[in-house]
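Please look at the structure below and follow the description part by part.

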Amino acid sequence: MTRATATRAGTGLAAVDDVEYGARFLGSLTLHEGRDPALLRHWAATAAGFGAALAPAGTPARFRIVERGDGLERGLLARYTSKPPTVELYTDSVAAAECLVAAYGWREWFPAGSVRAAALAHEAVHERLHHGPERTALKEALGHTALRLGRLRVLAHVAGAEELAAHAYAQSVCGLGRSPLLLSAALAASAAPAREK
């Protein structure tokens, strides 16, 4: 990729705001097919606000880190599993994201080494949302109702919301200029031509 091509690609990807990337992510999930785009944007913004608000109260997560090299083929930077609490960190994806940051001129948003830090912070929130009271608090913030009987209301889970909260937490805690959702979009876009060959 030439420098001019990289600059154009990076500019095009960066032109989409973080909330829109969040809405697109939600809209890509089967459960949300056909939902109003305005609702998806609302949920994306709410989940991002929730995740960013968790940052000041962040506590160190207790999980072991296992480094792997097959993230690009899996489409993952990192993955949290609960039994035992473990984060699989995909070093090939982290390296590819760092290369894209440099090629696209995004270093101001994503300082050197921040991709790894953001991936670990992101998974720390998954650990908190899996084990802590934040899971219910996120449902309350989103306000998606599954069932209402008179004054009784049962809140529904919004698929993908925890992922968006985790991205916003990582952005806030790592002091990033943009959400790691932009990196996910960049990695997906860079992988698309390779899949087409």
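In this predicted model, the largest cavity is lined by Arg135, Leu138, Lys139, Leu142, His157, Val158, Ala161 and Glu162. The space inside the largest cavity is about 50 Å³. A search of the whole structure turns up 1 cavity of 30 Å³ or more.

Which helices supply at least two residues each to this lining? They are helix 7, covering residues 134-142, and helix 8. Helix 7 provides the largest share, with 4 residues.

Helix 8 can be followed from residue 161 to residue 174, a run of 14 residues. From its first C-alpha to its last it reaches 20 Å, close to the 20 Å expected at 1.5 Å a residue. Ala161 and Glu162, both part of the cavity lining, are among the buried residues of helix 8. Others in the buried set include Leu164, His167, Tyr169 and Gln171. Just after helix 8 comes Gly175, which has a positive phi of about 65°.

Leu147, Leu149, Leu152 and Val154 make a nonpolar surface patch of about 360 Å². Strand 4 (145-149) and strand 5 (152-155) are the elements that give two or more residues to this patch. Leu147 belongs to strand 4.

How values were computed. Residues are numbered from 1 along each chain as its sequence is written. This is a predicted model: local features need pLDDT of at least 70, side-chain atom pairs count only at pLDDT 80 or more; totals for chains, interfaces and linings use all residues. Side-chain values use heavy atoms; hydrogens and water are left out. Patches are made of residues with over 30% relative accessible area and no salt bridge: like charges are joined within 9 Å, nonpolar side chains (Val, Leu, Ile, Met, Phe, Trp, Tyr) within 5 Å. Accessible areas come from the Shrake-Rupley method with a 1.4 Å probe; for residues, only the protein chains shown count as cover. A salt bridge is a side-chain nitrogen of Lys or Arg within 4 Å of a carboxyl oxygen of Asp or Glu. The expected span of a helix is 1.5 Å times one less than its number of residues. Buried means under 20% relative accessible area, exposed over 50%, partly exposed in between (1.4 Å probe, protein chains only). On a 1 Å grid over the protein atoms alone, a cavity is a set of points where a 1.4 Å probe fits but cannot get out, and a pocket is an open set with protein on both sides within 12 Å along at least five of seven lines; lining residues have an atom within 4 Å of a point. Grid points are joined across faces, edges and corners, and a volume is the space filled by probe spheres set on the points.
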